[in-house]
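Here is a friendly walk through the nonpolar side of one protein model. Please keep the viewer open while you read.

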Amino acid sequence: MGANGTVAKHYGQGAAMEVCSAEQGHTAASKCFDDDGRLKRTGTMWTASAHIITAVIGSGVLSLAWAIAQLGWVAGPAVMLLFSLVTYYTSALLSDCYRSGDETTGKRNYTYMDAVNANLSGVKVQICGFLQYANIVGVAIGYTIAASISMLAIKRANCFHVEGHVNPCHISSTPYMIIFGVAEIFFSQIPDFDQISWLSILAAIMSFTYSTIGLGLGIVQVVANKGIKGSLTGISIGVVTPMDKVWRSLQAFGDIAFAYSYSLILIEIQDTIRAPPPSESKVMRRATVVSVATTTLFYMLCGCMGYAAFGDNAPGNLLTGFGFYEPFWLLDIANAAIVVHLVGAYQVYCQPLFAFVEKWAQQRWPDSSFITGEIQLPIISSGFKLNLFRLTWRSTFVVATTVVSMLLPFFNDVVGFLGAIGFWPLTVYFPVEMYIVQKKIPKWSSLWVCLELLSLGCLIITIASAAGSIAGIMSDLKVYKPFSTTD
């Protein structure tokens, strides 16, 4: 973690506070503190890229073969490339809003909400807060569903290997959601972003592992088929009804949007980057280029190869939809990697919500020992301190999202809906509006018109995608029975 690694290892812990106690209260930049008086940040372009990749290359990559199957060889890759470019551009705009005023000495905005509050006003701030935190809750539910499906797939792959492919191997996903929830309760006690870099790096490695396995299996299937499947326009009318074709195509837009969704935590990731020079916005833009380019390459390879292997029959989840049955041990490794990755991704996404509620509680009840007090745990190395409110609140959140996941285990439809409702407001609208205010762009200038047209176009896509996903969820609910075994 660079020259400041010693401080980073003890961030928020007794050792760092003792080393830096002599400088406590200084607001100027120093050996131990940044210009805002907080302990020195140690993040780099690579740690920021790891956080982004952890958040972005999640369960969404596995639904891309299905999404391309709905759109075809022309529209599928084109839409994917379009979303990547929009995400990169709006993320660059958003990174410029980390500091208000000068990009190296201006006041820091620690969270997405802080940035909105500094640049916009009134009801927009409340709307943004609701959308951001509602989207985080939705992502937590989506990741719980995806993790349980992957754990379930390990069990089913072993069952198919032993019993044969004709055996339906009906298994309930509920116990696996509970297992994932218990793991998240444990990891959620990590206090903040600065202390989960190791988890992000591990999760990023896992994401490359299962993406590479999915890609490799797709290539093998294409070779076995002695040709590439699929068509220029996607799944044919006749295989599905004309209306289903429309709804599924719109849902595919939502799936692809979800696969690129990370703007709602970009400011929080940027707040881990070490102080200038270079400025945090420049480092973040480079991290965005690296991470978006990397994820787009993997998305193109995995999505296109999955479609090439299965054509119109591409499963909704490439590694758990049992397009592949063998080698079963390789599928087990891939799905185990997905679970490990989603453990980390869950934490990366939820940290802003955890921090928001805890900050609010500390301001509301500053003298409460339950809210602000810490208990030393000598059993754990490095002097880990447990906060009772953090334990109670974060555990309650994990339990609640786990229960909702048990009631709505529709991977593709939930993923599409989350992508749709979060894409326009959080990835496009607020970054564009903040950038216009921050850079004082004149109304009706060519740049202002282009930015507003971009926002309008993405709004139309969002509304259409949400409609497609809602139609899919309604269709699923007609035949779904809660807590039943999977097909």
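The report below goes from the nonpolar cores to the aromatic pairs and then to a surface patch.

This is a predicted model, in which local features need pLDDT of at least 70 and side-chain atom pairs count only at pLDDT 80 or more, while totals for chains, interfaces and linings use all residues. Residues are numbered from 1 along each chain as its sequence is written, and side-chain values use heavy atoms, with hydrogens and water left out.

**Cores.** A nonpolar core here is a set of buried Ala, Val, Leu, Ile, Met, Phe, Trp, Tyr and Cys residues joined through side-chain atoms within 4.5 Å. Buried stands for under 20% relative accessible area, exposed for over 50%, and partly exposed for what lies in between (1.4 Å probe, protein chains only). The largest nonpolar core has 113 residues, and I256, Y299, F397 and F430 touch the most other members. Helix 12 (residues 328–364) gives the largest share of this core, 16 residues; helices are DSSP runs of H or I with at least four residues, numbered from the N terminus. Apart from this core lies another one of 5 residues, including I141, I145, I149 and M177.

What does Y299 touch, not counting residues up to four places away in sequence? Its contacts (heavy atoms within 4.5 Å) are V56, I57, V61, L64, M80, A259, Y260 and C304.

**Aromatic pairs.** Rings of Phe, Tyr and Trp (its six-membered ring) pair if their centres lie within 6.5 Å; planes under 30 degrees apart are stacked, over 60 edge-to-face, and the rest tilted. By this rule there are 15 aromatic pairs. Two of them are set out here:

| Pair | Centre to centre | Angle between planes | Type |
|---|---|---|---|
| F186 and F187 | 5.2 Å | 80° | edge-to-face |
| Y429 and F430 | 5.1 Å | 75° | edge-to-face |

F186 has 61% relative accessibility, so F186 counts as exposed, and F187, at 21%, counts as partly exposed. Y429 is buried at 18%, and F430 is buried at 2%. Elsewhere, ring pairs link F83, F253 and F423 into a cluster.

**Surface patch.** V399, V403, V404, L407, L408, I470, M474 and L477 form a nonpolar patch with about 610 Å² of accessible area together (Shrake-Rupley method, 1.4 Å probe, only the protein chains shown counting as cover). Members of such a patch have over 30% relative accessible area and no salt bridge, and nonpolar side chains are joined within 5 Å. A salt bridge is a side-chain nitrogen of Lys or Arg within 4 Å of a carboxyl oxygen of Asp or Glu. Helix 14 (388–407) and helix 16 (446–477) each supply at least two patch residues, and helix 14 gives the largest share, 4 residues. I470 sits in helix 16 and counts as partly exposed because its relative accessibility is 39%.

Conventions: Patches are made of residues with over 30% relative accessible area and no salt bridge: like charges are joined within 9 Å, nonpolar side chains (Val, Leu, Ile, Met, Phe, Trp, Tyr) within 5 Å.
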